[in-house]
Amino acid sequence: MNIGILNAGGDCPGLNAVIEGAVSAATARGWVVYGFYDGFEGLLSTPEDERWRILTPANCLNIRSQGGTILGTVNKGNFTVKSGVDGRMQIAQSVLDRSRETVERLALSALIVVGGDGSQTIGLELQQIGLPIVGVPKTIDNDLGSTDYTFGFWTAVSVVSSALDRLRTTAVSHQRMMIVEVMGRHAGWIALYGGIAGGADVILIPEIEFKLEEIVRKVELLKALGQREILLVVSEGAKIGGKLLTLDEETKGEVRLGGIASFLSTKLETITGIETRYCVLGHVQRGGSPIPFDRILGVRCGAKAIDLIDEGKFGETVALLRNEIISMPIADAVRSLHLVDGNSQLVEAAKEIGISFGDE
Ligand code: F6P
């Protein structure tokens with residue numbers, strides 16, 4: 001049997017682990033694995049311009065330890081979902097037709113789509129035109145409702161945590177406030193876990209509305225207690241007076257978030273008089289080698305995707321539930337975003353240990 005695998009959207013530590021897991025489990029069954037380059041774009045292959053290669057255990061050996069993806073990826077391109085006439089999201093018919101032609105020409109019995117909610121929605125569209133799709137959830141943002149954790153998330157958290165350790169030493173030396181902007185889009189998971197692990201004094205996330213006066217109150221209290229350094233972690237998707245800060249007004253895909261650390265830095269330095277610097281961690285959070293948890297989760301997801309194909313469970317995605325890898329319909333998995341609950345035990349515990357969310 002021939003199967004295909006592709007990863008789409010932003011890269012994520014653990015993608016190569018998924019590929020290696022899937023290739024090993026498929027090859028053990030005697031199947032041939034086609035790895036498509038650059039996300040869904042690989043499906044637009046033609047005999048004159050093939051955009052795939054055969055993946056084997058030998059050419060995927062130990063790629064689980066490598067960051068990025070050996071297949072490359074794109075998060076904009078021909079498969080960008082656009083609003084249709086009736087408001088439905090749809091991909092151009094010619095693109096769907098060419099994808100089907102490739103799957104038929106290579107005689108693929110299944111296609112594994114490793115991606116976040118946008119890519120899984122594209123996978124669903126392909127499923128609806130009759131392609132046999134199996135999904136694997138991917139994102140450092142951890143914002144997919146279907147799965148307890150996505151691979152890549154804990155690597156990003158560990159980058160934030162160690163960045164805070166480093167920034168603390170320089171902040172202590174200079175008695176400065178450091179504002180650290182982290183990724184996560186509209187979900188505050190990376191800021192929340194990274195901030196707790198790295199000992200942030202203030203964590204600002206999209207899910208909890210904050211007031212500048214509250215942050216100022218907290219900072220001045222810590223200063224009055226003699227603390228030399230202040231560490232503030234802010235999600236790129238946290239809002240100022242209900243407004244998101246973005247890097248570009250008009251984009252083809254989703255708007256790029258950013259700028260809140262710079263904004264807060266100027267504001268808080270002016271109000272408190274404390275020398276303040278900011279640091280945008282950016283793609284450092286996505287790059288580099290995955291931590292062991294993400295490698296293990298990645299290979300498990302890859303192997304489970306092969307099980308789903310073996311069982312003919314198309315239109316399903318793998319998911320992590322209480323440390324078991326399970327499956328569920330892709331349609332259910334993309335239905336809701338997994339956001340931080342401001343009243344959760346985790347947030348309450350963070351408040352109990354003195355972390356401010358700028359809300360009280
Ligand atoms: O969804 C993953 C993510 O890293 C977000 O946290 C971030 O907002 C976005 O992707 C950045 O995308 P790009 O790589 O296109 O700048």
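Let's start with Lys 351 and the residues around it: setting aside neighbours within four places in sequence, Lys 351 is in contact with Phe 357, Asp 359 and Glu 360. Please keep in mind that this is a predicted model. Lys 351 belongs to helix H10, which covers residues 345–352. Is this lysine buried or exposed? With a relative accessible area of 18%, Lys 351 counts as buried, because the cut-off for buried is under 20%.

Now let's move to another buried residue, Cys 60. This cysteine has a relative accessible area of 0%, and is buried. You'll find Cys 60 in the loop between strand S3 (52–55) and strand S4 (82–83). What does Cys 60 touch, if we don't count residues up to four places away in sequence? The list is Ile 19, Glu 20, Val 23, Leu 55 and Ile 70. For a distance across the model, take Ile 190: Cys 60 and Ile 190 are 130 residues apart along the chain, and their C-alpha atoms are separated by 29 Å.

Next, a pair of helices. The axes of H6 (residues 212–224) and H7 (residues 260–272) come within 11 Å of each other and cross at roughly 60°. That angle makes H6 oblique to H7, and their crossing is right-handed. Which residues meet there? From H6 we have Leu 212, Ile 215, Val 216, Val 219 and Glu 220, and they meet Leu 264, Lys 267, Leu 268, Ile 271 and Thr 272 from H7. Sorted by class, this contact of H6 with H7 has seven nonpolar residues, one polar and two charged.

Last, some backbone angles, in two loops. Ala 107 has a phi near 55°, which is a positive value in a residue other than glycine. Ala 107 sits in the loop between helix H2 (93–105) and strand S6 (108–115), and is partly exposed, with a relative accessible area of 47%.

Then there's Arg 322, where phi is near 45°, again positive in a residue other than glycine. If you're looking for Arg 322 on the screen, go to the loop between strand S12 (316–321) and strand S13 (324–329). How exposed is Arg 322, then, and what is its relative accessible area? The value is 72%, so Arg 322 counts as exposed.

Thanks, everyone, and I'm happy to take your questions.

Key:
Residues are numbered from 1 along each chain as its sequence is written. This is a predicted model: local features need pLDDT of at least 70, side-chain atom pairs count only at pLDDT 80 or more; totals for chains, interfaces and linings use all residues. Side-chain values use heavy atoms; hydrogens and water are left out. Axes are lines fitted to C-alpha atoms, for helices over the stretch in contact, and angles run from 0 to 180 degrees between N-to-C directions. Helices (H or I, at least four residues) and strands (E, at least two) are DSSP runs, numbered from the N terminus. Angles under 35 degrees count as roughly parallel, over 145 as roughly antiparallel, 65 to 115 as roughly perpendicular and the rest as oblique. A crossing is left-handed if the near helix is turned anticlockwise from the far one by less than a right angle, and right-handed if clockwise. Contact means heavy atoms within 4.5 Å. Ala, Val, Leu, Ile, Met, Phe, Trp, Tyr, Cys and Pro count as nonpolar, Asp, Glu, Lys and Arg as charged, and the others, Gly among them, as polar. Buried means under 20% relative accessible area, exposed over 50%, partly exposed in between (1.4 Å probe, protein chains only).
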